[in-house]
Amino acid sequence: MIEPIRIPDATAEPAAYVQALVDTLGDRDPLEVLRQTPTGVRAICGELTDERWRTPMAEGEWNALQVVGHLLDVEVVYGFRWRLILTQERPSYPGYDEKRWSLLPRPAPAELLAALEGLRAVNLAVLERGDGGRRVGVHGEQGEERFDLTVRKVAGHDLAHLNQLARTVAAATVTHG
């Protein structure tokens, strides 16, 4: 059994949420984690059938399609935020309701994986070649945050959701033999 990584609710406990993501990352290189995530997602999902893609770990939990869709949503959101921080002085950006976004339509699993890989590659080009330095943005729920913190948050977020995805796939595999 894979031990879950516990992350507090971002809206209810924003400071604890950020700290938990940073702690999950630890001393790992955030860009290396970001580079490896799409491959990790593909490896975890491996040979999932359509039925298993849509089987949640438990009642009220996300299925693999929703977890991977959430990773893509975060890639869209943070790609936008990173571009704002790199091109504006102290830009403000809103939070968003990840649970409601998780209910939005998704493409077929193969297309979803390809989209995550493609968008991550585009965002990595920005992160690896852009100089965020000490630039700052203002998150609508979490307050002021430095560019490098946003990168560390997303890398920790990736690790937490890779853990969730592995547990979801394991449960779906047991459920459907």
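1. What covers the buried residues of α1? Please keep in mind that this is a predicted model. The cover includes α2 (30–45) and α7 (147–175). The buried residues of α1 are Tyr-17, Val-18, Ala-20, Leu-21, Val-22, Thr-24 and Leu-25.

2. A word on the helix itself. α1 spans residues 14–25, and its 12 residues reach 17 Å from the first C-alpha to the last, close to the expected 16 Å. Just after α1 comes Gly-26, with a positive phi of about 60 degrees.

3. Arg-90 is not a glycine, yet its phi is positive, at about 50 degrees. Arg-90 sits in the loop between α4 and β1 (92–93). With a relative accessible area of 47%, Arg-90 is partly exposed.

4. Now to the strands. β1 pairs with β2 in the parallel sense over 2 bridges, and Ser-92 has Val-138 in β2 as its bridge partner. On to β3 (residues 143–146): β2 and β3 run antiparallel and are joined by 4 bridges. Here Val-138 stands opposite Glu-144. Between β2 and β3 there are 3 residues, and the two strands form a hairpin.

5. Are the faces of β2 covered or uncovered? Both are covered: Val-136 and Val-138 are buried on one side, and Gly-137 and His-139 are buried on the other. As background, side chains in a regular strand alternate between the two faces of the sheet.

6. The charged pairs deserve a careful look. The count is 12 salt bridges. One of them joins Glu-75 and Arg-120, whose closest N and O atoms are 2.7 Å apart. This pair links distant parts of the chain, since Glu-75 is in helix α4 and Arg-120 is in helix α6 (residues 109–129), 45 residues apart. Glu-75 is buried at a relative accessible area of 2%, and Arg-120 is buried as well, at 3%.

7. Because Asp-158 lies in helix α7 and Arg-120 in helix α6, the pair ties together parts that are 38 residues apart in sequence. Asp-158 is buried, with a relative accessible area of 2%.

8. Another salt bridge runs between Glu-145 and Lys-153, with 2.7 Å between the closest N and O atoms. Glu-145 has 3% relative accessibility, so Glu-145 counts as buried. Lys-153 counts as buried too, at 2%. There is also a network: salt bridges with shared partners join Glu-32, Arg-35 and Glu-128.

9. Finally, the aromatic rings. There are 2 aromatic pairs. Tyr-78 and Trp-82 form a tilted pair, 5.8 Å from centre to centre, with 55 degrees between the planes. Both residues lie in helix α4 (residues 64–87), 4 residues apart, about one turn of the helix. Tyr-78 is buried at 7% relative accessibility, and Trp-82 is buried at 1%. Tyr-96 and Trp-101 form a tilted pair as well, with centres 4.4 Å apart and planes at 45 degrees. Trp-101 is partly exposed, at 29% relative accessibility.

10. One more detail at Tyr-78: which residue lies over the face of this ring? Arg-81 does, at 4.7 Å from the ring centre.

Conventions:
Residues numbered from 1 in each chain as written. Predicted model: local features only at pLDDT ≥ 70, side-chain atom pairs only at ≥ 80, totals over all residues. Heavy atoms only, no water. Phe/Tyr/Trp six-rings, centres within 6.5 Å; stacked < 30°, edge-to-face > 60°. Buried < 20%, exposed > 50% of the residue type's maximum accessible area, 1.4 Å probe, protein only. Lys NZ or Arg CZ within 6 Å of the ring centre and 35° of its normal. Expected span 1.5 Å × (residues − 1). Contact = heavy atoms within 4.5 Å. Pairing = 2+ DSSP bridges. Salt bridge = Lys/Arg side-chain N within 4 Å of Asp/Glu carboxyl O.
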